[in-house]
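Here is a short report on selected features of a predicted model. Have the sequence and the 3D view open as you read.

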Amino acid sequence: MTAPHPLVARARSLADDLLAPHAEQVDQGAVPVGHLTEIRRSGLLGLNAPTEYGGAAAPGVVVRETAEILSGACCSTWFVQTQHHTPVLTLARSEGPVRERLLGRLASGELLSGVAYAHLRAYPRVPVRVTRERGGWRFDGTVPWYTGWGLNDVMLLAGVTDADEALFAFTQAREQPGLRASAPMRLAALTAARTVSLELDGFWLPEEAVALRTPHDRWTATDRLRTVNANPAVFGIAEAALTLLDEDTAPPLRARLTDVRRRAYALADDAAPHEHLTERLALRTQAYEVMQAATTAAVVTGGGRSMLLTHKAQRLARESLFLLVQAQTQESRRAHLNALAVGL
């Protein structure tokens, strides 16, 4: 039997020894700094980073497995740390000076990064406008969602320029002149991840803070290739729910989960990113269906106790609702709604 990848083993140890035992408590409060300290020490924040910057440059199978493990153990903690990987990948492809300044520190876990770019998917509406000013860039508008406020060290902030470019730049994740955060939002799920909105009013960053500047339609095309795939966290939540079911209920759901996961990951590994987009979206939707069936079965199994906010089945059911809309695009929403309509 082949030994698991070291990062998979570390993720499993963190999940079993730290995250899962405290998940219900975290769900009712906030992700502890101590959880993130252990993730920083584990090397998991360098999962996608190039080896020359101290990262693991892990293969896709390892990236997916660690995501499944962490999300199934404590989705709030997983969600805070998963924000970190997009800034790492952005810097790895950047040619600006910010790459040398930050990539090694992000790969090592010295710095934890969040992201403020989902609003780019609202285009042609522009929630955050970026304009030239004083040799740098001025940001104005509203970031509707920013996760990890008070937990992250830096953030990757994005907006749209007058030339319809998507511009991404790094800044410290704290209030500054021109940048103000709301109070943490009270959400149906993952309140513990400390999500806020950000108001930008003349917030200025120098040119050297920019990590990426590209035509918005080019960024959208790349983003689409990411968001048509099934999210490993969906399988992680489903797996966690299956552990709450009896030996009669679990096997058929597990068989469905195994089949959808196998087909989704085969496309991710064996096909070019731009191929089989319709099939990828269909498998993304099927993964949601399996997750919802598993979490619903867990709630039914738990009976009245499942209505307690401190019950594991209740937490997983709410987390599954969150994942239905996380990283949602107009295309993925329409595919999901069409599948639901057909099933009626």
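Arg261 and Glu68 are both buried. Their side chains meet in a salt bridge, 3.1 Å from N to O. Arg261 belongs to helix α10 and Glu68 to helix α4, and 193 residues separate the two.

Asp269 and Arg64 form another salt bridge, with the closest N and O atoms 2.8 Å apart. Asp269 lies in helix α10 (residues 250-270) and Arg64 in helix α4 (residues 60-73), 205 residues apart. Arg64 is buried at 11% relative accessible area. Asp269 is partly exposed at 47%.

## Other salt bridges

The whole structure holds 22 salt bridges. One of them pairs Glu110 with Arg105, 3.0 Å from N to O. Glu110 is partly exposed, at 45% relative accessible area. Arg105 is also partly exposed, at 34%. Elsewhere, shared partners join Glu68, Glu239, Arg254 and Arg261 into one salt-bridge network.

An unreviewed UniProt entry places "domain: Acyl-CoA dehydrogenase/oxidase N-terminal" at residues 8-110. This stretch is 67% helix and 0% strand, and its end C-alpha atoms are 20 Å apart.

Ser42 sits in helix α3 (residues 33-42). Ser42 counts as buried because its relative accessible area is 9%, below the 20% cut-off. A polar atom of its side chain lies 2.6 Å from the backbone oxygen of Ile39. Beyond its neighbours within four places in sequence, Ser42 contacts Leu7, Arg10 and Leu14.

## Strand β1

Strand β1 (residues 113-116) is covered on both faces. Ser113 and Val115 are buried on one side, Gly114 and Ala116 on the other. Strand β1 runs parallel to strand β4 (residues 154-161), joined by 4 bridges. Ala116 stands opposite Leu157 of β4.

Conventions:
Residues are numbered from 1 along each chain as its sequence is written. This is a predicted model: local features need pLDDT of at least 70, side-chain atom pairs count only at pLDDT 80 or more; totals for chains, interfaces and linings use all residues. Side-chain values use heavy atoms; hydrogens and water are left out. Buried means under 20% relative accessible area, exposed over 50%, partly exposed in between (1.4 Å probe, protein chains only). Two strands pair if DSSP finds at least two bridges between them. UniProt positions are given in the numbering used here, feature names are shortened, and annotations may be inferred rather than shown by experiment. A polar contact is a pair of N or O atoms within 3.5 Å; within protein, one must be able to donate a hydrogen and the other to accept it, and residues adjacent in sequence count only if both atoms are side-chain atoms. Contact means heavy atoms within 4.5 Å. A salt bridge is a side-chain nitrogen of Lys or Arg within 4 Å of a carboxyl oxygen of Asp or Glu.
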